[in-house]
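Subject: A structure to look through, with notes

Dear colleague,

I am passing on a structure for you to look at, and I have written down what was found in it. Please keep the structure open beside this email while you read.

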Amino acid sequence: MGSVEASTRLLQLDEPRPPTPPREARLGADTNAAKPLLVRAASADSRSKLNTPPGLSTPDPSTNNTNPNTSRSRKRVGFTALLEAPRNTHDKKGRRSSPPSASQPRPAKGILKITASPSPHELSLMADDSDLLGPANMSDMLESTVRQLAGTDRDAKTDAYMMLVRALQASNNLPDRVALQSKMGLFVQFIQRDIVAKTPAGTSDSPLISKALTLLDTFLFFPAIASTIPSDFGIFIVDHCIRSFEDPALPKDLARRLMHVMAKQDFPLRVMTSDRIKRLVSALHAMDGPSRGKMVVVSRLRIYARLMIQTKAYMAVHTEWLNDVLTDMLSSVKDVRNSAIKLGFEASFVFGREKLLQRKFMDLLEMSIEEMTYIEWYHAQLQEMIKGDSQDKAAVPKIWSVIILLLQYPLNKWRYFNPSLMIIQKCFNVAESNREANYAWNRYVYTAHLDEPTFHKVLPTLFMPLASQLSKSTVSPVKRELVMGGLCNLYYYAFKPNTNPAHLDAYWDVSVQPLTDALVPSANIPDTLDLHLQRATAILIGLLDSSTLRIWRDDRIKDSPIAKPEELPVIDSKWVRRNAPRVFKVISPIMDKHFCQLADRTSSIHKLWRALVGSVAFAASKEIKVSTDTATFVSEMFGLLLKHWQTGISTEGDTTETARQFVRAVQEMVLTAVESLGLLPFTEKMISLGRLSSFIPVATPSHRGLSTPDPSTNNTNPNTSRSRKRVGFTALLEAPRNTLDKKGRRSSPLSASQPRPAKGILKITASPSPHELSLMADDSELLGPANMSDMLESTMRQLAGTDRDAKTDAYMMLVRALQASNNLPDRVALQSKMGLFVQFIQRDIVAKTPAGTSDSPLISKALTLLDTFLFFPAIASTIPSDFGIFIVDHCIRSFEDPALPKDLARRLMHVMAKQDFPLRVMTSDRIKRLVSALHAMDGPSRGKMVVVSRLRIYARLMIQTKAYMAVHTEWLNDVLTDMLSSVKDVRNSAIKLGFEASFVFGREKLLQRKFMDLLEMSIEEMTVWHHFLVGHVEGMKPRQVWLRAAFQRGFPLL
């Protein structure tokens, strides 16, 4: 129809056009003509006096069908004030008039109502004339539309809805927003009235309802208009949709339109309450009958997706929609299945680690269905789909992914884990589903990393499918890229920031080391080998390049199931430096293949070497002297260089050019390392050439102690004797009261009986020895800010070394210096070094001797320094929470060890009694384990001071974690037992703790009830309380009557 009219219009372009009257005259005439028309159009009596616009045909008088659901009369409403002059013929008022033919009957007079609005047919012709929808025209159209909707003519209302919808859809932007917002109250009233309209027969007026819902849908498209919809109207719409969805006779077209509105709405939470969400989800879940269909099911899934974003908390409670997602993912209709899978992916990331939804999803999967669980039936359906067509096969890994993502449960602990693995294994072996199977496995890697304590255990399982695909000899380049992307995804989550350093070794050995070893293709296929090494080089650059800032996102898998090397997180540079042999073992095959490419600064090999050296340089940036780890890296570099130097170059081809390139490669390798690390690692004599042409780091005199032990003694047990190595802060020494040297340093006169020290044994630094420090303990002015800063620097250098005795002396020296000062000297300097000190303490309190036993002297000194730090609140507050967690867990493990030496037990307990770690460290679980460990302490660690220290820890925990101590009440038994001790100090401490507990807990009902249960517990046919009274209190001597009073005072606990 439209094409015929357009052709006619084109053919009439050559006809002469009548002159256009002046704009002012036309506007005035139109305005004067429109006013009486608008007034007369309001009454039904004047309809016979209106002229019918020519060009609009009337229905055949022979047809008399009045059913609005089957046919509609041809009445039209037009905006005559908006029409421009047509290009063919016009009447006096500028309206379009088609010349009547002889075969066309003239329309009956008065059928059409003339208003200031064009008909929908005319509006479609002028859709391109966007200037007609300016603010003034839109305002006039809205006024006319409101008048039509306020009337009683059903067809006029239908046309008014359609006309406004087309006008809004024809405009790119919202025209005259203010005018439209001001009429929103009236429009929602008309929509609310018409979406429940009935025909004279009592059935739903589907055409009118559809047009009203279409206008509402159009309003929801514009956020500025949707935000002005009243909440009462939103409540009506939601309740009406719920009632409609519950009606099995709801027509499919109306169901689709209502669902489209619900999928697009953004009503506030005061409309979308928990009760309405529950009823809405239940109604959608139960939809059946004629309202069922592909588009209805897809629309239902879209509503679920909208509600997930809009009311996440309620959708996690009312989970009937999960059943629909699982069911629709098995649908044979492609659109339904794809929509359900998409919704499943969205739900897994929206709800994340929502424990409530995960538990309900687990309950749904384990629900019984005819002697099998739902997940077993589901697995059987997936097995059948694998045997289907290519689309079904490709959908199976996606469905598997959705289930895994929604569970987010440690799958290695799930009893249906093996059947699930069988399904994805079959998908790997089917060509049509292999790509999607790789994507699904990458998503499983994401879920596995969420359970960090078990991730290192399942890493070999996660790596196996990827490695098995790369190890095949016939791997296409496309598939190799796909699997390499999966490896990048595995590295992305395995080496995430703040990964436990204890697991990095295993992660590297299991997943990275085979990259250039077991997974390297055969040399018989050089192109494949080069491609593999090229991808491996890019991956290693991503893992080692610490100069490029990258943002790590936990949910990156949502954007793409494969990762790129450029997205990989950087491995901790300290780990890289400490594990230089591991790293060189991986990069050596690449260097062996493309060593000469180091000469080209733009090559990937040069970038890899620059990234590796840069990572080590970053870790060594704060070194004062060259550490053993840095020396190890340099020795590995020299070993690699020596191997290539001895191998030489190939004699094939242009040997001259190859030789030049080889020399430039050696030059770049060395210069890059020197520029990044500096000259110091290459000038100190710390590297030795071994027998097998390999370099090894060795200790130099500066890395050994400052004095040598007596050659006659050969006792290496650190627990029984110590060598006499010392480091002194000579710059801190004041002039002694007896003798001074020229520089003002203390010089003790040597008697004839004292042997003079051998030349060069002592190394003078800016630090006093512990003996010298003890002599100057009273000279507090020597520990000013400058001197303390120097001493801290020297202490850190000693603690960073490998000499055990030097570390022991450093701890003792710093403790005495802090104890000698009344106030905390140079707080800023000490706080700035706290991060390093806690690392040293964390390292040394688990130190072992060469015999494998605990190094008690070193551990004691480290704990003493920690105890001293805890004495100063300003320093204790800067201790990191991670270190606090480590200390508490270490103390718990130590207290549980029956072989714990008594001295270490006392020092550890002293630390726990003095600590003030925050609640994120002192969790309920740790308090439970700590109290249990203290309660069960026995063996050689028992003793008076240990028991008293245990009571002090209880007193500290009562103040620090009152709520947890009221739950974990094993300490009450210890208090009762220790109050009966024959050791005075133990008894007094226990009674004091009982008094404190009675006031701290006050009327704590939970603790009172547990204390009552303890007293009424049976022991040899009597209660604990009766046993206590009969055996002890009643037989007290007069001097022990205070114990009776103490117990009477303890009765508030009851």
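This is a predicted model: local features need pLDDT of at least 70, side-chain atom pairs count only at pLDDT 80 or more; totals for chains, interfaces and linings use all residues.

Charged pairs

Side chains of opposite charge can pair when their charged atoms come close.

In one of them, the side chains of D239 and R279 meet with a distance of 3.7 Å from N to O. This pair links distant parts of the chain, since D239 belongs to helix α10 (residues 231-246) while R279 belongs to helix α12 (residues 274-285), 40 residues apart. The two partners can also be described by their accessibility: D239 counts as buried because its relative accessibility is 15%, which is under 20%, whereas R279, at 30%, counts as partly exposed. Both residues also belong to a network of salt bridges that links D239, D275, R276 and R279.

Another salt bridge joins D978 and R950, with 3.4 Å from N to O. Here too the pair links distant parts of the chain, with D978 in helix α44 (residues 970-978) and R950 in helix α42 (residues 944-960), 28 residues apart. Both D978 and R950 are buried.

A further salt bridge is formed by K558 and D555, whose closest N and O atoms are 3.5 Å apart. K558 counts as partly exposed at 46% relative accessibility, and D555 is partly exposed as well, with a relative accessible area of 25%.

Aromatic rings

A pair of aromatic rings is described by the distance of the centres and the angle of the planes. The search of the whole structure finds 33 aromatic pairs. In the pair F221 and F222, the ring centres are 5.3 Å apart and the planes lie at 85°, and because that angle is over 60 degrees the pair counts as edge-to-face. Although F221 and F222 are paired, F221 is exposed, with a relative accessible area of 56%, while F222 counts as buried at 9%.

Elsewhere, F349, Y446, Y492, Y493 and W552 form one aromatic cluster. One member of that cluster, Y492, also has a charged neighbour, as the charged end of R556 sits over the ring of Y492 at 5.1 Å from its centre.

The buried residues of α16 are V336, R337, A340, I341, L343, G344, F345, A347, S348 and F351. After α16 comes G352, which has a positive phi near 55°.

Finally, which loop holds K625? K625 is placed in the loop between α28 (604-619) and α29 (628-647), and at 30% relative accessibility it counts as partly exposed. The C-alpha atom of K625 is separated by 8.1 Å from the C-alpha atom of L680, although K625 and L680 are 55 residues apart along the chain.

Terms used
Residues are numbered from 1 along each chain as its sequence is written. Side-chain values use heavy atoms; hydrogens and water are left out. Helices (H or I, at least four residues) and strands (E, at least two) are DSSP runs, numbered from the N terminus. Buried means under 20% relative accessible area, exposed over 50%, partly exposed in between (1.4 Å probe, protein chains only). A salt bridge is a side-chain nitrogen of Lys or Arg within 4 Å of a carboxyl oxygen of Asp or Glu. Rings of Phe, Tyr and Trp (its six-membered ring) pair if their centres lie within 6.5 Å; planes under 30 degrees apart count as stacked, over 60 as edge-to-face and the rest as tilted. A charge sits over a ring if NZ of Lys or CZ of Arg is within 6 Å of the ring centre and within 35 degrees of the ring normal.
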